Amino acid sequence: ASDPGPSHQFGTSVAIQGDTAFVGAPVHPPGGMVYIFERNQGGPDAWGEVRQIRGEEVTWGDYFGISMDLSGDFLIVGAYAGGDYDGSAYIFERDHGGSNAWGQVARLVPEDNPAYNFFGYSVAISGEIAAGGAPGYNFITGAAYIFERQVDGSWLEVVQVTPDDGEPQDFFGIAIDLNG
């Protein structure tokens, strides 16, 4: 990182696609940071930092960058903490705001997002479908929320997934993935 610091937790999450790599530092003040590196920056086959991104609504202690995933031109970044640990996730799109920029296009927050939900502890994206895990939901039984990109470019929650046989302390949603 171009601005290393003690306890930033640089490398907590990573995503890579082609010649672009993203590295999360969820404790970077004030509420976390994601660093973007590209191949051939600073020399042949060197990986150099080209920018840093943070969600527009990120505040102290949000843990932005605790999780992330990448699919095509979309990057999703989780931020599970914040004021009452309800959490959120941010969607960035390549070229939004300029050529090869990664601009925020959405902040995902579940309709039912109680305190200590920890939404965004895990995130996944595949095409225009995004998901966020909420392992704290319902006394840490856990849940996952699925969002879909709409024709107008907004992202809408389409379903909350919970286990039929869930029990407290199952932590359902602590890890998730999407494919197709």
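A word on the model comes first. This is a predicted model, in which local features need pLDDT of at least 70, side-chain atom pairs count only at pLDDT 80 or more, and totals for chains, interfaces and linings use all residues. Residues are numbered from 1 along each chain as its sequence is written, and side-chain values use heavy atoms, with hydrogens and water left out.

Let's start with the charged pairs. The structure holds 4 salt bridges, where a salt bridge is a side-chain nitrogen of Lys or Arg within 4 Å of a carboxyl oxygen of Asp or Glu. In one of them, the side chains of Arg39 and Asp19 meet at 2.8 Å, N to O. Arg39 sits in strand S3 (residues 33-39) and Asp19 in the loop between strand S1 (14-17) and strand S2 (20-25), so this pair ties together parts that are 20 residues apart in sequence. Strands here are DSSP runs of E with at least two residues, numbered from the N terminus. Both partners are partly exposed: Arg39 has a relative accessible area of 30%, and Asp19 has 42%. On this scale, buried means under 20% relative accessible area, exposed over 50%, and partly exposed in between, with a 1.4 Å probe and protein chains only.

Arg39 also forms a salt bridge with Asp45, and here the closest N and O atoms are 3.8 Å apart. Asp45 is exposed, at 55% relative accessible area. Elsewhere, Glu128 and Arg149 meet through their side chains in a salt bridge of 3.0 Å, N to O. This pair links distant parts of the chain, 21 residues apart: Glu128 is in the loop between strand S9 (122-126) and strand S10 (129-134), while Arg149 is in strand S11 (residues 143-149). Glu128 is partly exposed at 39%, and Arg149 is partly exposed at 24%. Salt bridges that share partners join Asp19, Arg39 and Asp45 into one network.

Ala79 lies in strand S6 (residues 74-79) and is buried, with a relative accessible area of 2%. Ser88 is found in strand S7 (residues 88-94) and is buried too, at 3%. Leaving aside residues up to four places away in sequence, Ala79 touches Asp62, Tyr63, Phe64, Ile66, Gly87, Ser88, Tyr90, Phe119 and Gly120; contact means heavy atoms within 4.5 Å. With its neighbours within four places set aside in the same way, Ser88 is in contact with Val77, Gly78, Ala79, Arg107, Leu108, Val109, Phe119 and Gly120. Ala79 and Phe64 are 15 residues apart in sequence, yet their C-alpha atoms are 4.1 Å apart in space.

Tyr63 is placed in the loop between strand S4 (47-53) and strand S5 (67-71) and is partly exposed at 26% relative accessibility. Beyond four places in sequence, the contacts of Tyr63 include Gln9, Pro26, Val27, Gly31 and Tyr80. From Tyr63 to Met33 the separation is 30 residues in sequence and 8.4 Å in space, C-alpha to C-alpha. The backbone of Tyr63 also deserves a look: phi is near 65 degrees, a positive value in a residue other than glycine. Tyr85, in the loop between S6 and S7, has a positive phi as well, near 60 degrees. Another backbone feature is the cis peptide bond from Pro29 to Pro30, with omega near 5 degrees; Pro30 lies in the loop between S2 and S3.

Leu156, Val158, Val159, Val161 and Phe172 make a nonpolar patch of about 360 Å². Patches are made of residues with over 30% relative accessible area and no salt bridge, joining like charges within 9 Å and nonpolar side chains (Val, Leu, Ile, Met, Phe, Trp, Tyr) within 5 Å. Val159 lies in strand S12 and is partly exposed at 38%. Asp164, Asp165, Glu167 and Asp170 gather in a surface patch of negative charge. Asp165 is found in the segment after strand S12 (155-161) and counts as exposed, at 63% relative accessibility.

How values were computed. Accessible areas come from the Shrake-Rupley method with a 1.4 Å probe; for residues, only the protein chains shown count as cover. Lys and Arg count as positive and Asp and Glu as negative; His and the chain ends are not counted. The place of a charge is taken as NZ of Lys, CZ of Arg, CG of Asp or CD of Glu. Helices (H or I, at least four residues) and strands (E, at least two) are DSSP runs, numbered from the N terminus.
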